Amino acid sequence: MSLAIYPGTFDPVTNGHLDLVERGLRMFDELIVAVAPNPKKQPLFTLEERLNLIREAAGEKGFSNLRVEAFNGLLVDYVREQKGAAIIRGLRAISDFEYEMQMALMNRRMASDIETVFMMPSEVYSYLTSTIVKEVVSLGGSVRGLVPEVVEEAMRKKLRVIEDIVE
């Protein structure tokens, strides 16, 4: 049985992420969405909130053979621990390529038996990032169709709480 790991911060999960999950599940028997804490990015959602939002969004889509887990440390160590065969990474634009290529080559150096599979999102999500989604919502805009409804609701609620604290 082939297993792939789709790592990321997922703050928040978008429909672009879910698009790659869906297509990754067609390529592999099982997929793990591996959520990294990444405190450098100052996430809007806690690690536990991100895990729950992904699980809820994935459940609404009816994905089977999908696990959502947190991981810490080197990705290749986590992939080996899970007995994974591949790492899935999304490429939206040329600007993503250089960084992703460097990471893939470093991962290959550390674990030559683990492949990196680059996937492009559907065209409708090719510009979409979690950062853009957070900015639009923080300025009162709609991200309907770009994130699962549960995510948009959670973002609006979280941002209201932050605004109340600031006031």
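Q: Which residues does A86 touch, not counting residues up to four places away in sequence?

A: In this predicted model, A86 touches L3, A4, I5, F28, I114, E115 and V117 once residues up to four places away in sequence are set aside.

Q: Is A86 buried or exposed?

A: A86 counts as buried, because its relative accessibility is 3% and the cut-off for that label is under 20%.

Q: How do I read the strand pairing around A86, and which residue is the bridge partner of A4 in β4?

A: As a general idea, strands of a sheet pair through backbone hydrogen bonds, in either a parallel or an antiparallel manner. Here strand β1, residues 3-8, is joined by two bridges to strand β4, residues 86-90, and the two run parallel; within that pairing, the bridge partner of A4 is A86.

Q: In what order do the five strands of the open sheet stand?

A: The order is β3-β2-β1-β4-β5, with parallel pairing in an open sheet. The edge strands, each of which pairs on one side only, are β3 (66-70) and β5 (115-119), and from one strand to the next the twist averages 30°. Helix α1, made of residues 15-27, packs on this sheet and touches β1, β2 (30-35), β3, β4 and β5, while its direction makes about 125° with that of β5.

Q: How many bridges join β2 to β3, and through which helix does the chain cross between them?

A: Five bridges join these two strands, which run parallel, and A34 stands opposite E69 in β3. The chain crosses from β2 to β3 through α2, and this β-α-β crossover is right-handed.

Q: How should I read a nonpolar core, and which residues touch the most other members of the largest one?

A: In soluble globular proteins, nonpolar side chains tend to be buried together. In this model the largest nonpolar core has 36 residues, of which Y6, L31 and V33 touch the most other members. Two or more residues are given to this core by each of β1, α1, β2, α2 (47-61), β4, β5, α5 (130-138) and α6 (149-166), and the largest share, five residues, comes from α2. Another core lies apart from it, with 13 residues that include I32, F71, V76 and I87.

Q: Which residues does V33 touch beyond those up to four places away in sequence?

A: V33 touches Y6, F10, V21, I54, L66, R67, V68 and E69.

Q: Where is T9, in a strand or in a loop, and is T9 buried or exposed?

A: T9 has its place in the loop between β1 and α1, and at 11% relative accessibility T9 counts as buried. Its contacts, leaving aside neighbours within four places in sequence, are V35, A36, N38, K41 and R50.

Definitions and conventions:
Residues are numbered from 1 along each chain as its sequence is written. This is a predicted model: local features need pLDDT of at least 70, side-chain atom pairs count only at pLDDT 80 or more; totals for chains, interfaces and linings use all residues. Side-chain values use heavy atoms; hydrogens and water are left out. Two strands pair if DSSP finds at least two bridges between them. Helices (H or I, at least four residues) and strands (E, at least two) are DSSP runs, numbered from the N terminus. Axes are lines fitted to C-alpha atoms, for helices over the stretch in contact, and angles run from 0 to 180 degrees between N-to-C directions. Contact means heavy atoms within 4.5 Å. A nonpolar core is a set of buried Ala, Val, Leu, Ile, Met, Phe, Trp, Tyr and Cys residues joined through side-chain atoms within 4.5 Å. Buried means under 20% relative accessible area, exposed over 50%, partly exposed in between (1.4 Å probe, protein chains only). A crossover is right-handed if, with the strands pointing away from the viewer, the path from the first strand over the helix to the second runs clockwise.
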